[in-house]
Amino acid sequence: MSRAPLKVLVCVTSLGLFSGVWGIDSHMDPSLVPSGCPACHRGHGEPRSPMLPAPQTQLCLSCHGSRAGLDRRAARGDVAPGTRSTSLSSTLSSPFVHPMSDEAFSRHEPGAVTCTSCHSPHRGLPLRGPGARITGMRRISPRNPNRFEYELCMSCHGGEGFDSRSPLDIGRLFNQSSRSSHPVVAPSTESSRSIAPALAGREINCTDCHGNSDPSGPRGPHGSTVRHILVAGYNTVDGSPESSGAYALCYSCHDRDRLLDSSSFPQHRLHVVDERTSCATCHSPHGSIRNRALIRIGEETLPTGISPSLQTGLLSFISSGPGSGTCYLTCHGVDHAPKGYGAIEPHILHGSMPLTGGGR
């Protein structure tokens with residue numbers, strides 16, 4: 001679905017006319033929370049607090065941390081006996097979790113990351129199909145029905161905004177002026193033969209990649225057993241064997257057989273299978289400012305494993321168009337000085353020329 005129809009859908013949702021998309025908030029349901037507002041709020045005067053009796057993370061986890069905690073709240077009459085809630089105890093014990101500020105009462109405190117940084121406890125949650133992962137459909141922000149999910153994520157991870165040039169600001173990688181990016185902010189301008197047909201020309205969401213690695217566990221980027229809070233395996237280090245599990249994240253959208261035997265880049269199998277080169281060595285998972293096909297060569301987010309060409313001193317990728325290009329670099333013990341692929345002859349650069357990742 002393109003953005004325009006969804007904007008209409010979001011407006012309808014915000015008026016409460018589309019209950020199938022936006023759920024009724026359980027916090028406001030007297031059958032579940034018989035004590036009403038006092039279940040979470042106390043009288044005026046708590047220091048630094050929006051009328052909370054404890055730091056926000058502690059308060060939220062008193063119900064959403066464990067079954068035992070919820071039973072204690074029920075014993076006090078705050079919630080109805082037998083009430084179920086999403087338990088985050090195991091997810092937040094994962095090796096990789098989203099940072100949270102343990103002592104903050106509000107997301108408005110400087111530098112604080114609290115539950116309400118992403119959630120609105122008075123508004124409810126946008127509903128999703130059970131077990132749904134990647135659907136090619138826009139997801140709505142769990143904090144504001146008038147915004148999309150990616151806009152919520154970019155409010156922190158966009159840093160200084162789309163005009164930033166900070167290497168820590170991934171928002172600029174999704175900028176419309178960037179040469180290529182995963183279709184989070186807008187549909188991709190290029191197509192890949194390996195992409196699942198149902199996703200061709202569609203947009204994806206941040207939580208299609210970032211979230212719980214346990215499909216049966218609580219959704220969202222709370223925690224994961226996979227580094228970077230990813231929903232599936234994504235090996236980012238060279239030297240490991242290729243397998244369906246090692247790159248399960250990539251293969252959830254890209255057909256493994258088509259990718260490894262791609263006519264658009266015949267050396268995929270050579271690099272990934274034979275040389276055991278990680279997808280992350282050549283591709284940025286978010287986007288590239290100057291290169292097509294998410295190629296990260298010549299950009300500041302280059303990982304370890306690639307260095308300038310020993311012969312030319314250059315670190316650069318030049319695209320001659322889909323299916324052809326030239327690399328100047330040293331990787332997996334081989335000096336590309338240059339090495340080209342595709343039907344067009346490699347571009348010849350001279351050592352005095354500036355580094356570039358350009359080319360369309």
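Among the elements that cover the buried residues of helix H3 is helix H2 (56-64). The model is a predicted one, in which local features need pLDDT of at least 70 and side-chain atom pairs count only at pLDDT 80 or more, while totals for chains, interfaces and linings use all residues. Residues are numbered from 1 along each chain as its sequence is written, and side-chain values use heavy atoms, with hydrogens and water left out.

Helices (H or I, at least four residues) and strands (E, at least two) are DSSP runs, numbered from the N terminus. Residues are called buried under 20% relative accessible area, exposed over 50%, and partly exposed in between (1.4 Å probe, protein chains only). Contact denotes heavy atoms within 4.5 Å.

In helix H3, residues 67-75, the buried positions are Gly69, Leu70, Arg73 and Ala74. They lie on the same side of H3 because they cover an arc of only 145° around the axis, the arc being that of the directions from the helix axis to the C-beta atoms. The exposed residues Arg72 and Ala75 are carried on the face of H3 turned away from its buried side. Just after H3, Gly77 adopts a positive phi of about 85°.

The chain as a whole contains nine helices and eight strands. Of its 360 residues, 42% are buried. Among contacts between residues at least 6 apart in sequence, 52% join residues at least 24 apart. The chain exposes about 18700 Å², of which carbon and sulfur atoms supply 59%; accessible areas come from the Shrake-Rupley method with a 1.4 Å probe, and for residues only the protein chains shown count as cover.

In soluble globular proteins, nonpolar side chains tend to be buried together. A nonpolar core is here a set of buried Ala, Val, Leu, Ile, Met, Phe, Trp, Tyr and Cys residues joined through side-chain atoms within 4.5 Å. The largest such core has 15 residues, and those with the most contacts inside it are Leu230, Tyr234, Tyr247, Leu249, Cys250, Tyr251 and Cys279. At least two residues of this core come from each of helix H6 (248-251), helix H7 (256-260) and H9. H6 provides the largest share, three residues. A second, separate core of 10 residues includes Ile295, Leu315, Phe317 and Cys331.

Apart from its neighbours within four places in sequence, Cys279 is in contact with Tyr234, Tyr247 and Cys250. Cys279 is buried because its relative accessible area is 13%, and Cys250 likewise counts as buried, at 16% relative accessibility. A disulfide is a covalent bond between the sulfur atoms of two cysteines; the criterion applied is a pair of cysteine sulfur atoms within 2.5 Å. The closest cysteine sulfur to that of Cys250 is in Cys279, at 4.1 Å, and is therefore too far for a bond. A search of the whole structure finds zero disulfides.

Ser278 occupies the loop between helix H8 (268-274) and helix H9 (279-282). Ser278 counts as buried because its relative accessibility is 2%. Its side chain reaches the backbone nitrogen of Ala280 at 3.0 Å. This lies within the cut-off for a polar contact, a pair of N or O atoms within 3.5 Å; within protein, one must be able to donate a hydrogen and the other to accept it, and residues adjacent in sequence count only if both atoms are side-chain atoms. Leaving aside neighbours within four places in sequence, Ser278 is in contact with Asn235, Thr236, Val237, Asp238 and Tyr247.

Most residues other than glycine have a negative phi, and most peptide bonds are trans. Ile229, although not a glycine, has a positive phi of about 55°. Ile229 is placed in the loop between strand S3 (223-224) and H6, and counts as buried at 11% relative accessibility. Ala293, also not a glycine, has a positive phi of about 60°. Ala293 lies in the loop between strand S4 (287-288) and strand S5 (306-307), and is partly exposed, with a relative accessible area of 29%. Finally, the peptide bond from Ala337 to Pro338 is cis, with omega near 0°, and Pro338 lies in strand S8, residues 334-341.
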